Amino acid sequence: MDDYRGSEATHLFTWVDVDERLSAEATEGAWPDWLVEADSWWDGIELTVRDGTEEAEVRAWLDQVFGAGSTVGEPGAPLLTLDRPDEMEATGLPVALVADTAYVQGRRDPRLMERRITTELGRFMPRPDSSSFPSDVQIIAFHSFKGGVGRTVHAVALADVLAARGRRVLLVDGDLEAPGITWMYQAQGGACDIAYEDVLALLHGTVSERQQEATGVAAPYLANQEVARHPNGGRLAILPSSRRIRLGPPRIEPAHLCTDDRPLYFLTESLAALAAEAELDTVIIDLRAGASELSAPVLLDPRVQRVFVTTLSSQSLEGTERLIAQLGAKAPSVEGEDPAPAAIVTQYRLDAHTAEADSARARLVAALDGFTARFVNDSESQHDSGTGEVDALVRAEPLLSPFREELLALPRSWDDVAEVVRRCGVGELIGRLVPELPSPRNHHTDSLSLEQRRSALHQRARSLVFAERRGLDSGLGFLSTEPLRRLIGDHRTTLPVTVVVGAKGAGKTFTYARLCAAGRWAEFAIDAQEQVRVDAPVVPVLDPANMDQYGSDDSAGGPQTLRDRSAGGQGARPDDIRSVLQEALVNDQNESPAFWRTAWLRCMAVAAAGPDFAEADPEATLVDLGNAGAVLFVFDGLEDFFQDLNSEAKRIALRSLFTDVPDWLRMMRNRKLGLVIFARKDLVRYALRQNVGQFLDRYDPYELRWDAQEALRLALWVASTAHAVQEPEGELALLPADAVAQALIPVWGAKLGRDNSREAWTERWVPAALADFNEQVQARDVVRFLRDAAERSQGDQDWPDRLLSPSALRSSLVRCSAEKLQELQQENPSLGKLLRSVGLFADTVVMPFEAEAVGLDANGIVALEEAGALARDNDGRYRLPEIYRHALGFRTRGRARVVRN
């Protein structure tokens, strides 16, 4: 190759230079017919030659390759000289000739640097035995010569858009030295049960005939690592590079799988088999940058669609061209059989780099065309259709991805990165690499009149306002929200051990009731339109006071029914469990965390095994239960039992339940016991005076909270399950935001007025009216807002195009505000009292107001701001959110931009 014929490249310092030069000659097809193999080492060179080859012929060829006078030494002992300064003694490598009597060509592994230097280097790598991967899985690999060119961003964008189209995607972080996707995913807080390193180690420990054992171990855990599910069946699962925190090279590298007892393309075929085992159809791999053996086994499989990412930087562009040429010389794509390679030019400015982008595109067109042309030219099947120039241009046309500032400093977590990528339109661009799949359609009509549909919406919303009181009524159904999908998605193969935090009205008790109604973890997942691979009966431990405690319907399964079923007869009653806690509160050791851990474990043992086990060793009882089968314990109603948080014993009791009990369960080997604790956030803050932020971050993915999008989704669910509007196509919980907004237009119109009016857009107005300044909306507020608006809209003939009239929406907010404040006083008396004290000034003070004008000191300001009940304007004055302002009776004098701290 030309790389080794320049003035600097002529130096031969060591056997490595000799080996490189001989390898380059073989790759160029420049070896003589008599030379079969060359093997260089620190102490000499061994050339395998065909019988009858003369030493003089070998010497002449070596001088031709390495320069005149390179070969010295007496006849029978040729020596290849090495470069040394004049003042040093000359030295060289002995050249040994080995006659080829029965030469056997060894196999060529998919490596950039092959172990054996033979004439085969001038030929293409052997083709795979099959032209497609197992189960027709498609593999797409993103590679770049330089790092920092946007390779990972575009891989993420393609995975995201394909999943949205209905593909079932496995996104693999194949960068084992500088992972990017892994850090995004781990920052998301989801399960990280299996990683690429694990898959490599599993494959390394097996042979091709037992490949299914390795993929069979890994595949179930991928179900826990899904980050997206779409109504059309699309899914996206992440395979991070590592589960380790420590940085460093991997123990097992992809090249370690290149052994004689495995097929040539064992890694890519195993990844396809892994995806098929996990019921996925597309694998996208983000590879290590540079000419790395970490990437070679993937890049050298011609069935992989290879995507090269580069900037306009000369180093990046030239390196990409060279790499494409090198790969094309070893493993080109066969036109019409293999996926066409692609290139993406990133990070250029439309206003400044047009000429440079056009030049780069032309260079890459030539490089990619050569990636296929060499093999196709030698193929007997080639034919000239008269469109070769156009076909080549279309096939090799690079994608141009202009510079976007948002992509320079990506956020930390997966969801945030995906949102930035979507907002920048990267997915729309990169999606052209893969043909789009058709979307399923599902239409139906509704024959109910407008008034009948308004009445149906009113009745449905009214039944859901205090749904926890009827939570065992399976006819209610429930909406699978993002926290619930994450809770289930992260625990498809292992039972959860988690604390589910939420404010009053967020749906804690309702979710607890739905768990009880399902009776089993797998049934609960099905109710939420999910699937899991582990199952366990639900055993309620502590029941909330505002729900029927003795479910009589075995099919629904009330808390008492489930405890009876678990005990195999008469199970523990709520009083049996509460008595354990009451006795613990008056015990002399009631300020010992270890004592409280035992007390909570005793409650769990009694709930599952019956009241007769109240005096037994709770740890041994639970171990025996786990050995006998899986059990999922659930807690709710902590605020009912610990109504007065007035002692250190109660604080330690709660802290032990939130931390010590889960830790004890997680330490169990082959754990079959699960735990879900529903708790109000104020209880958590009370119990954990230190590291509360770290604790909440740990369980943040499962916190029951409702932002604007979830509030709109809930409104559509209520309306569609009431049959008041047409049911949306696909699974509602997975509909994109724009589809939800469109589906809600028949409910409340596009605007709070005619479509051509200057009124507010309803989809924005409703969440803003119901949210606090932390941008959180309570589910109960949404439901009662719909209840009141539907009731007030009945008989209104002025708005036949929608269920809820604008006037009904506005007036319903006042009643919702009053109920909201009343509930807050019950949930958080100190905060409710503080707001009531502010409301005493409503008759004389107009909002926004000075803090002193309403009697607020620094502590009061902080408390209200943290609760999302107060925000400061630019001018230093304060406002209340609409959901509280109406109840307190404050009038307004105009609107200024709010500064959120």
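Two strands count as paired if DSSP finds at least two bridges between them, and the strands themselves (E, at least two residues) are DSSP runs, as are helices (H or I, at least four residues), numbered from the N terminus. The model here is predicted, so to speak with some caution built in: local features need pLDDT of at least 70, side-chain atom pairs count only at pLDDT 80 or more, and totals for chains, interfaces and linings use all residues. Residues are numbered from 1 along each chain as its sequence is written, and side-chain values use heavy atoms, with hydrogens and water left out.

On to the sheet. Strand 1 (residues 35-41) runs antiparallel to strand 2 (residues 44-50), and 6 bridges link the pair. Across that pairing, Glu37 faces Thr48 in strand 2. Helix 1 (residues 15-27) packs on the sheet and touches strand 1, strand 2, strand 4 (79-82), strand 5 (91-100) and strand 6, where a contact means heavy atoms within 4.5 Å. The direction of helix 1 makes about 160° with that of strand 1; axes are lines fitted to C-alpha atoms, for helices over the stretch in contact, and angles run from 0 to 180 degrees between N-to-C directions. The whole sheet is open, with 6 strands in the order 3-4-5-2-1-6 and mixed pairing. Its edges are strand 3 (71-72) and strand 6 (117-118), each of which pairs on one side only.

Gly92 sits in strand 5. With a relative accessible area of 18%, Gly92 is buried, a label that means under 20%, with exposed being over 50% and partly exposed in between (1.4 Å probe, protein chains only). Leaving aside residues up to four places away in sequence, Gly92 touches Leu79, Leu80, Thr81 and Leu82. Gly44 is 48 residues from Gly92 in sequence, yet their C-alpha atoms are 8.3 Å apart in space.

Two helix residues are tucked away as well. Lys330, in helix 9 (residues 314-330), is buried at 8% relative accessible area. Not counting residues up to four places away in sequence, its contacts include Arg108, Arg111, Glu114 and Phe124. Ser656 belongs to helix 23 (residues 648-666) and is buried too, at 0% relative accessibility. With the sequence neighbours up to four places away set aside, Ser656 touches Pro593, Trp596, Arg597, Trp600, Val661 and Pro662.
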